[in-house]
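Me: Please take a close look at one part of this model, the sheet and the aromatic side chains that go with it. I would like the cut-offs stated along the way.

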Amino acid sequence: MDMVTLIIFMLSAVVMGLPHVGMLDTPDVRDVGLIFDDINFKGNSTFLVEVKENPTCIPINIDSHGNPQGQEIFSVQVCKPTTCAFFTGVNCTANSTGVFSVSCEGPGDVPNHKSGEVFKSYICGKDISRTINLEGSVSLATVPHDSSPNSGMV
């Protein structure tokens with residue numbers, strides 16, 4: 001992936017996510033879901049994207065200096081068959097001192113997650129366990145993802 005594509009991709013990841021019918025799906029990246037700062041898929045939301053060929057660590061809530069400020073994640077929607085892992089550290093490493101991580105498999109939703117942790121990075125991919133060490137990561141229980149028009153969900 002060239003640098004321009006990567007920059008566009010990272011900027012699109014921090015744009016506020018809104019429920020959507022058509023999901024981004026290019027040869028390089030795809031939209032796989034949303035994270036929310038309130039339970040039951042309410043509050044501010046941010047898109048989750050996956051770099052298809054090379055799962056990439058993506059910062060959450062970048063400030064004007066390019067530093068991830070992170071956010072508390074209270075609910076998650078993963079709309080595609082992939083795994084997403086979220087980290088309190090900036091480098092997507094689960095076994096670093098002081099870093100807490102959670103993961104969930106999709107399609108599936110986590111309507112109510114209250115860890116009190118601020119997550120600063122994430123990575124999504126079908127085989128992310130080959131890319132990063134998820135040892136010690138807490139696996140979140142998901143409920144079935146309902147994308148029907150009347151569900152109010154993505």
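Reply: Two strands count as paired if DSSP finds at least two bridges between them, strands themselves being DSSP runs of E with at least two residues, numbered from the N terminus. The model is predicted, so to speak of local features requires pLDDT of at least 70 and side-chain atom pairs count only at pLDDT 80 or more, whereas totals for chains, interfaces and linings use all residues. Residues are numbered from 1 along each chain as its sequence is written, and side-chain values use heavy atoms, with hydrogens and water left out.

The sheet is open and has five strands, arranged in the order β3-β10-β6-β7-β11 with mixed pairing. At its edges lie β3 (58-59) and β11 (138-139), each of which pairs on one side only. Further in, β6 and β10 run antiparallel to each other and are joined by five bridges; in one of the pairings between residues, Thr83 has Gly125 in β10 as its bridge partner.

Because Phe86 belongs to strand β6 (residues 83-87) and Tyr122 to strand β10 (residues 121-125), the pair ties together parts that are 36 residues apart in sequence. Both residues are buried, that is, under 20% relative accessible area, where exposed means over 50% and partly exposed lies in between (1.4 Å probe, protein chains only); for Tyr122 the value is 2%.

Tyr122 also reaches other parts of the chain. A polar atom of its side chain lies 2.9 Å from the backbone nitrogen of Val49, and the C-alpha atoms of Tyr122 and Ile58 are 5.4 Å apart, although 64 residues separate them in sequence.

Beyond its neighbours within four places in sequence, Val138 is in contact (heavy atoms within 4.5 Å) with Phe100, Ser101, Val102 and Ser103. For Ser101, the C-alpha to C-alpha distance to Val138 is 6.3 Å, across a separation of 37 residues in sequence.

The structure holds two aromatic pairs.

Key:
Phe/Tyr/Trp six-rings, centres within 6.5 Å; stacked < 30°, edge-to-face > 60°. Helix = DSSP H or I, 4+ residues; strand = E, 2+ residues; numbered from the N terminus. Polar contact = N/O pair within 3.5 Å; in protein donor to acceptor, adjacent residues only side chain to side chain.
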